[in-house]
Amino acid sequence: MAQAAGETLAQERLSIAARVMKSSLDLAGREPTMTAGLLVLFALVTVSLVAPFVVPNEPTKINMDARLEGPSASYWFGTDAFGRDVFSRTMSGGRISLLVAASVAVLAMAFGATFGALSGYFRKVDAVLMRVMDGLMAIPTVLLAIALMVILGASLQNVIIAIVIVDTPRMTRVARASVLSLREQPFVDAARALGAGNGRILLRHVIPNLMAPLIVMGTYVAASAMLTEAYLSFLGAGIPAVDNPSWGNIMAEGRGFIHKAMWVIFFPGLVLAITVTSINLAGDGLRDILDPKLAHRI
Amino acid sequence: MLAYIIRRLLTTIPVLVVVGLFTFFLLRLTPGDPAAVIAGNEATHEEYLEIRERLGLDAPLYVQLGKWAGRIVQGDFGTSIRSGKPVFDLVRGRIGPSVSLTIATELVAVLVAIPLGVLAAWKANSLIDRSVMVFAAVGFSVPIFWLGFIMIWVFGLWAFGLDNPILPVAGYVKIGDDLWEYVRHLILPAFSLGLVVIALIARMTRASVLEVLKEDYVRTARAKGIAEPAILIRHALRNASLPILTVVGLSLAGLLSGAVVTESVFAIPGLGRLAVEAIATRDYPIIQAMIILIGGFYVFINLAVDILYAFLDPRIRY
């Protein structure tokens, strides 16, 4: 008897595993572009993580005898003005760019959820907070980010801070819109009737329900943060290039040589474009699955 | 209608105030004391104090803010630290190229994106639709300056080992000097800046046409035997035009952000380049003027779109 029960349990587990497999495959079939985006992204993250250990050359090693050489067997993406290997730099630069994207997305989501929840829930906070957000949104992203970099000074950390400030208003808007409809839901009334205070309602009932739209928005923010980092570097207000190659600053350094050494810009830009595209595709798919209504708002 | 416009107009005031406050504090928060910079190392303490007084830096912050706001409202943006010229004159000289680039880009974007979006909606979920959508996703993701350099590389024929550009790859010609050259100089910048806008408008067009195609009157039109192109343009696109119009208007404001980058790539002497130059040389009065002007433009465009929206669709009253 006990043995039979064990068997059914094992069978049930097996069938659950099979169902999960099947439903993920179904999902992949329904959302082919999202699946492609996720796969490419996964590959890029993996490559970026192992890059420091496997790239053929030291990314920061200067070799004045091999300046601006075209792509070859020893330098796949060619070399830059200091004879550094563009392939090794691009592969290692991914770590910085992905770090910026991920940190900005997570921080902007955290601030967006907090501000959005407060703003959507308390009228007085709303009046002040949303005016500040509107004001920040009125300034073009690139210009605002550069202006912030002037105040903060050039460093990796400050690039992340500047882009978080630029992207938080958008996040807050999405969160606030959801909170405004959530606060009218019966389960919020129920919680209040049971004696829950504002803090508990916000933390336990409102914020968890914000996660779907915020995660979707988070992917778009990650993608745009990566581009903003590149623009900042390109305009000379980004991460100092000395020992932190990022896709943005590798291209910025190659800018003077497009005539004769296009590869210095071409390859990092191509990898950046592929990465941002796959994040955006993943975001689109995620949006369709998690929050179909959002399709009309973005 | 008038009441709505006035109400909407009033909502712009707090936004402009926030932009103004941000700009004011941008200068105060920046490391470094302007008076010390102007005085230099040789100055005595008395000279330094005198400069501080002349610049009004010895007054309390709120007095400085009040005086500053008063000047800005009168259109006095001060003088450039570097060139000593009035900021207002410097900015005025840069407006032409930026406006030209913005209009050219928007024109290119609308002409490409709307047919693409309609096509994608018409053939929804087909290979064409998926391709347009992937193209749009790519359009959002390609760095503007990278695309610009690729275009320079290709159309400058450097990609083919030559050096005789078939299209101008840098600079700007005034419309009054030579109309043909004016247009030719805008082609590459407009396309490289336009890709993002094409993506944006194509997506919005697809979504709203798709919505309209489900309507009963479209089915009726089909049942009457009206040709598909006529249905798409007269019934679908016309009724889907409001959200498209909104996104066109908003992209106009967003273009200014991209123009900062594009003008730098194609050496166009516009507002964006002025801003970048000013940031590189820490020319704060110019940076302030740029943020206020562009922020103001953004607010104005938003206002115009909202009013136009209410005008075209009488059901809308917020």
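E253(A) lies in helix α9 (residues 247-254) of chain A and R89(A) in helix α3 (residues 86-121) of chain A, so the pair ties together parts that are 164 residues apart in sequence. Over all chains, the structure holds 19 salt bridges.

**Entry: conventions**

I note that this is a predicted model, in which local features need pLDDT of at least 70 and side-chain atom pairs count only at pLDDT 80 or more, while totals for chains, interfaces and linings use all residues. Residues are numbered from 1 along each chain as its sequence is written, chains are lettered from A and ligands numbered from 1 in the order in which they are written, and side-chain values use heavy atoms, with hydrogens and water left out.

**Entry: confidence**

I read pLDDT as the predictor's confidence in each residue, from 0 to 100. Chain A has a mean pLDDT of 84, with 95% of its residues at 70 or more. For chain B the mean is 85, and 95% of its residues reach 70 or more. In chain A, helix α1 (residues 2-30) is lowest at a mean of 73, and helix α6 (residues 156-182) is highest at 92. Among the elements of chain B, helix α2 (residues 34-39) has the lowest mean, 70, and helix α5 (residues 87-122) the highest, 92. Where pLDDT is low, the predicted coordinates should not be read in detail. For the complex, the predictor gives an ipTM of 0.84 and a pTM of 0.85.

**Entry: the two chains**

I took helices (H or I, at least four residues) and strands (E, at least two) as DSSP runs, numbered from the N terminus. Chain A has ten helices and zero strands, and its C-alpha trace spans about 75 × 65 × 30 Å along the principal axes. Chain B has 13 helices and zero strands; its C-alpha atoms fill a box of roughly 90 × 60 × 35 Å along the principal axes.

**Entry: helix α8 of chain B**

I then examined helix α8 (residues 179-213) of chain B, which has 35 residues. Its end C-alpha atoms are only 42 Å apart, short of the 51 Å that a straight helix would reach at 1.5 Å a residue. The expected span is 1.5 Å times one less than the number of residues. Where does α8(B) bend? I found a bend of about 45° at G194(B), taken as the angle between axes fitted to the seven residues ending there and the seven starting there. At the start of α8(B), a side-chain oxygen of D178(B) reaches to within 3.2 Å of the backbone nitrogen of W180(B).

**Entry: the interface**

How many residues does the contact take from each chain? I recorded 44 from chain B and 45 from chain A, contact meaning heavy atoms within 4.5 Å. F145(B), W146(B) and F149(B) supply 17% of the area that chain B buries against chain A, more than any other three residues. Between them the chains bury about 3900 Å², 77% of it on carbon and sulfur atoms; buried area is the accessible area (1.4 Å probe) that two parts lose on being put together, summed over both.

I found one salt bridge between chain B and chain A. D284(A) pairs with R203(B) in a salt bridge, the closest N and O atoms being 3.2 Å apart.

Notes
A polar contact is a pair of N or O atoms within 3.5 Å; within protein, one must be able to donate a hydrogen and the other to accept it, and residues adjacent in sequence count only if both atoms are side-chain atoms. A salt bridge is a side-chain nitrogen of Lys or Arg within 4 Å of a carboxyl oxygen of Asp or Glu.
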